[in-house]
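Thanks, everyone. Please have a look at it first.

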Amino acid sequence: MKGKRKMKERNKMRTAVTVYAAVLYLIWALVEIVLSPHLKSMMQPFTASIINEAVLKTLIWTIPSVMLARRFDGEMYIKKDKPLPEKLKKVNFIPIVILLAVFTAYLLGMCYLSKGKIAVNKSFCLGYIPLCAMIGISEESVFRGLFLNSLLKDGRKKWIAVLIDSLMFLAVHFPIWYAHGELVHNFTSGGFISVMVLSTIFSVVFMKTETFAVSAAVHGYWDLLCYMLL
């Protein structure tokens with residue numbers, strides 16, 4: 001009887017996550033292809049980014065994914081069984097600091113190669129710091145806190161779960177690439193590989209630290225450097 005209840009709950013989780021994923025991709029495609037261009041034409045780029053990356057992502061990404069992860073916590077690979085401060089005490093932050101240093105060195109190098117010098121973008125402002133923090137939280141809550149978390153508990157090998165999650169993370173970028181006319185270029189140039197590599201890194205951070213808060217911080221730091229330098 002207990003096994004049947006467990007299987008029933010597992011099937012409910014699979015259905016709920018699948019439906020949410022389908023709805024998320026559909027709605028977000030409409031946001032990026034239809035709504036975002038109008039927002040950018042009517043207001044300043046930073047204001048449009050706030051609405052798109054903070055407000056809409058919180059409503060469409062963060063809130064539903066957190067609710068689903070909490071609803072099916074028993075079916076998740078990493079459970080919310082301990083308070084965040086308690087989990088953070090057990091995290092070895094030395095590899096995280098090294099990873100952030102690697103991110104910094106890489107993007108500084110890319111900045112120098114593209115501009116001939118290392119300089120902060122003129123359009124960058126301090127408002128991008130909380131914006132990138134929110135982007136990290138929203139994207140990691142979905143792709144690591146919910147999708148990867150459920151895939152890992154679903155009996156798959158870890159590398160397969162990470163690969164599936166990376167492909168899903170890649171796919172969510174298609175609408176914005178399409179809207180900017182960069183979809184084909186990002187495949188022919190190999191740009192899509194960097195997205196999958198980043199997704200894999202965030203997944204490893206999530207699995208090693210057992211909390212999406214750390215992967216969200218790492219993700220947000222990467223985005224902040226991109227806004228600042230590239």
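Start with helix α4, residues 94-115, and helix α9, residues 191-209. Their axes sit 12 Å apart, and the packing angle is about 165°. One thing before I go on: this is a predicted model.

How do α4 and α9 run relative to each other? Anything over 145 degrees counts as roughly antiparallel, so α4 and α9 are roughly antiparallel. The crossing of α4 past α9 is left-handed.

Who makes the contact? From α4, we have Ile96, Leu99 and Phe103. From α9, we have Leu198, Ile201, Phe202, Val205 and Thr209. Sort them by class and you get seven nonpolar residues, one polar and no charged ones.

Next pair. Helix α5 covers residues 128-153, and helix α10 covers residues 212-229. Here the axes are 7 Å apart, at an angle of about 135°. That angle makes α5 oblique to α10. This crossing is right-handed.

The residue list is in two parts. On the α5 side, it includes Tyr128, Cys132, Glu139, Glu140 and Arg144. On the α10 side, it includes Phe212, His219, Asp223 and Tyr227. By class, the α5 contact with α10 has nine nonpolar, six polar and four charged residues.

Let's stay with one of those residues, Glu139. It lies in helix α5. Is Glu139 buried or exposed? Its relative accessible area is 8%. The cut-off for buried is under 20%, so Glu139 is buried.

What does Glu139 touch, leaving out residues up to four places away in sequence? The answer is Lys57, Trp61, Arg144, Phe169 and His219. Take Trp61. Along the chain, Glu139 and Trp61 are 78 residues apart. Their C-alpha atoms are separated by 7.1 Å.

Trp61 brings me to the aromatics. Ring pairs link Trp61 into a cluster with Tyr20, Trp28, Phe143, Phe147 and Phe169. Phe169, you'll recall, is also on the list of residues that Glu139 touches.

How many aromatic pairs are there in the whole structure? The search finds 14. One of them is Phe187 with Phe192. Their ring centres are 4.9 Å apart, with 20° between the planes. Planes under 30 degrees apart count as stacked, so this pair is stacked.

And how accessible are those two? Phe187 has a relative accessible area of 34%, so it is partly exposed. Phe192 comes in at 21%, and is partly exposed too.

That's my tour. Over to you for discussion.

How values were computed:
Residues numbered from 1 in each chain as written. Predicted model: local features only at pLDDT ≥ 70, side-chain atom pairs only at ≥ 80, totals over all residues. Heavy atoms only, no water. Axes fitted to C-alpha atoms, helices over the stretch in contact; angles between N-to-C directions. Helix = DSSP H or I, 4+ residues; strand = E, 2+ residues; numbered from the N terminus. Parallel < 35°, antiparallel > 145°, perpendicular 65-115°, else oblique. Left-handed = near helix turned anticlockwise from the far one by under 90°. Contact = heavy atoms within 4.5 Å. Nonpolar A, V, L, I, M, F, W, Y, C, P; charged D, E, K, R; others polar. Phe/Tyr/Trp six-rings, centres within 6.5 Å; stacked < 30°, edge-to-face > 60°. Buried < 20%, exposed > 50% of the residue type's maximum accessible area, 1.4 Å probe, protein only.
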